[in-house]
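Colleague: I have the model open at last, so please walk me through it slowly.

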Amino acid sequence: MTGEAGQRDLIATAARIFPGGVLSRHKLDDERQLVFVSGRGAHVTDAAGREFIDYTCAGGAVLLGYDHPGVLAALDAQARRGTHFFGLLNEPAIRYGAELLDVLPVGGQIRFCCSGAEATFNAIRLARAYTGRNKILKFEGAYHGHHDYGMWSYNRFGGDAFSPAPNSAGMAAGIGADILVAPYNDVAAAEDVFRREGSAIAAVIMEPVQRMTAPAPGYLERVRSLASEYRAVLIFDETVTGFRLALGGAQERFGVLPDLAVYGKSLGGGLPLAAVAGDPEIMALASVEVWQNSPRGVFFSGTLFGNPMACAGGRAFLAALREPDAFPPFLGRAEALKSGLARVLRKHGVDAHVIGEGPMWRLHFGDPERIHDVRATSDKDRQRAFDLGLLDSGIFVRPGGGHYFSMAHTDEDVETVLRAADRIAPRL
Ligand SMILES: Cc1ncc(COP(=O)(O)O)c(C=O)c1O
């Protein structure tokens, strides 16, 4: 049963069987709750039969859109050959791993896993094993997934400046002693942390573009040089930026190489796939022989690792990205959306800024000079009001969150947003 009544029924079932009635932390307001039934190109349809232009892009996982023909054909073919082989060698995983190492600037070796959180967790574990040190430096406001090393000072902060704050109940309290937090884009603060703690730092983990904020000129280079100087492992979490800013992600865009890089979200062409790649000396610690025979060996394993469906989808995804004309029209349309929005806001005298690198965007109501400072005040209510206006105009976004742009969005999809913004802006 679908239609309004059918959708209400599904939502009621979800409320009964899932904590909070949802699958994850993402929840729409009760009166706007909906259930997706299909995605086509850059559009989604809910169980009530309403169609939306979608700018969540499945949290960034469907960079090619929801039904790219190459991905569908690859999944169909692989489904007929076997959906999984217990983390044992399979052809799509081997071929995809080799193809990825051809294009990823970090190079080296690669291990697949299933989610961004698994990948960042294991990259950190590898760094600690490799260096024999304990401490992890992360940046305030950065997100690296749900695990006990990632969930510090993401959106709830410590009382005094940059003391790590746990962002979930149930985290192992002792881990906090090994977490260092610094403000993003602040060279002096990073230098200070290294001066004080450098010899104990196993890894610096960072989003090279933190959420929607680009690195200040020279910032990534300085973090790179500090990590090298103090022999800490530099991990770029490219879960968001990988394949999105450029084929080679933030590494290509900013010309800075980490020791390890983490990929996820779009890596599997929309299926659950993530990976850690990089320095073969560090990656070698994940070899089963090293794990069995050396105290430095790292257990980095899972039943669903290297899933052939996800790797087959990923191969088709990568093939589409490697087409010579894949990026320019996509990035051009994303820029048209962002510059068009800025024009509409100016026209209506709204004091907001359109922020985000490449195909990432959202409105920011606050001091543009302090976008990198997650403690700076911004008017989240007006940001949400704008997003709710889009949602009510048939444009699906996560209210108050960051938005994406896919290769399936058309000029018409851009124009529709600009027309909606023109109606919403006077109300802001
Ligand atoms: C930068 C970054 N790292 C890691 C993760 C965690 O990935 P996952 O949700 O697949 O566990 C996310 C998820 O949004 C992310 O944005």
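Modeller: A word on terms before the sheets: two strands count as paired if DSSP finds at least two bridges between them, and both helices (H or I, at least four residues) and strands (E, at least two) are DSSP runs numbered from the N terminus. This is a predicted model, in which local features need pLDDT of at least 70 and side-chain atom pairs count only at pLDDT 80 or more, while totals for chains, interfaces and linings use all residues. Residues are numbered from 1 along each chain as its sequence is written.

Colleague: Fine, so what is the order of the strands in the open sheet of three?

Modeller: The order is β11-β12-β14, and the pairing is antiparallel. The edges are taken by β11 (353-355) and β14 (403-404), each of which has a single partner strand, so one side of each is left without a neighbour in the sheet.

Colleague: And how many bridges pair β12 with β14?

Modeller: Two bridges pair β14 with strand β12, residues 360-364, in the antiparallel sense, and Trp361 has His403 in β14 as its bridge partner.

Colleague: Which strands form the open sheet of four?

Modeller: That sheet runs β1-β2-β3-β13 with mixed pairing. Here β1 and β13 (395-396) stand at the edges with a single partner strand each, so one side of each has no neighbour in the sheet.

Colleague: How many residues lie between β1 and β2 in the hairpin?

Modeller: Two residues lie between them, and Gly41 in that turn has a positive phi of about 60°. The two strands, β1 at residues 36-40 and β2 at residues 43-46, run antiparallel and are joined by four bridges, with Ser38 partnered by Thr45 in β2. Thr45 also stands opposite Glu51 in β3, the strand at residues 51-54 that runs antiparallel to β2 and is joined to it by three bridges.

Colleague: Changing topic, which residues surround the ligand?

Modeller: Counting a residue as near if its C-beta atom, placed from the backbone, lies within 6 Å, the ligand is surrounded by Ser115, Gly116, Ala117, Thr120, Tyr143, His144, Gly145, Glu207, Asp237, Thr239, Val240 and Gly264.

Colleague: Where does the largest share of that shell come from?

Modeller: Helix α5, residues 116-131, gives the largest share, with three residues. By class the shell has three nonpolar, seven polar and two charged residues, where Ala, Val, Leu, Ile, Met, Phe, Trp, Tyr, Cys and Pro count as nonpolar, Asp, Glu, Lys and Arg as charged, and the others, Gly among them, as polar.

Colleague: Now the helices: at what angle do α12 and α14 pack?

Modeller: Helix α12 (residues 327-347) and helix α14 (residues 411-424) pack at about 15° with their axes 10 Å apart, the axes being lines fitted to C-alpha atoms over the stretch in contact and the angles running from 0 to 180 degrees between N-to-C directions. That makes α12 roughly parallel to α14, since angles under 35 degrees count as roughly parallel, over 145 as roughly antiparallel, 65 to 115 as roughly perpendicular and the rest as oblique.

Colleague: Which residues meet there?

Modeller: Arg333, Ala336, Leu337, Gly340, Leu341 and Val344 of α12 meet Asp411, Val414, Val417, Leu418, Ala421 and Asp422 of α14, where contact requires C-beta atoms, placed from the backbone, within 7 Å. This contact divides into eight nonpolar, one polar and three charged residues.

Colleague: And how does α13 cross α14?

Modeller: The axes of helix α13 (residues 380-392) and α14 come within 10 Å and cross at roughly 125°, which makes α13 oblique to α14. Phe386, Gly389 and Leu390 of α13 make the contact with Val417, Ala420 and Ile424 of α14, a set of five nonpolar, one polar and no charged residues.

Conventions
Contact = placed C-beta atoms within 7 Å.
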